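The following exercises concern the sequence and structure shown here. Each task is followed by a worked solution.

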Amino acid sequence: MDQSQHQQHGGTMQQQQPRSYQVVKAATAATAGGSMLVLSGLILAATVIMLTIATPLLVIFSPVLVPALITVGLLITGFLASGGFGIAAITVLSWIYR
């Protein structure tokens with residue numbers, strides 16, 4: 001069965017990619033993968049170094065940071081609740097007015 005008859009029967013013929021294209025594709029994938037692996041290692045090393053530096057500071061400032069975080073959390077919760085109840089009140093009032 002030649003190509004024209006094969007296409008008439010709804011089949012598709014898969015073409016082979018040239019060998020040079022496969023080599024270029026593999027080289028590109030290896031280069032990209034290797035660079036990302038090196039970048040990931042550098043980021044991990046920087047994270048460990050920064051955590052080592054930051055841990056004593058967090059321990060020293062924790063008596064200040066914990067209450068500050070609790071206060072900020074309560075403020076954000078209060079503002080969000082206030083806005084939510086305000087929107088609910090406006091919605092109910094507009095529903096009653098109609």
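**Exercise 1.** What percentage of the 98 residues of the chain count as buried?

*Solution.* The model is predicted: local features need pLDDT of at least 70, side-chain atom pairs count only at pLDDT 80 or more, and totals for chains, interfaces and linings use all residues. Residues are numbered from 1 along each chain as its sequence is written, and side-chain values use heavy atoms, without hydrogens and water. Buried means under 20% relative accessible area, exposed over 50%, and partly exposed in between (1.4 Å probe, protein chains only). By this criterion, 0% of the 98 residues count as buried.

**Exercise 2.** State the secondary structure of the chain, then compare the span of helix 2 with that of a straight helix.

*Solution.* Step 1: the chain has two helices and zero strands (DSSP runs numbered from the N terminus; helices are H or I, at least four residues, and strands E, at least two). Step 2: a straight helix of 79 residues would span 117 Å, taking 1.5 Å times one less than the number of residues. Step 3: helix 2 spans only 75 Å between its end C-alpha atoms. Step 4: at S62, helix 2 bends by about 70 degrees, and P63, a proline, follows within four residues (the bend is the angle between axes fitted to the seven residues ending there and the seven starting there).
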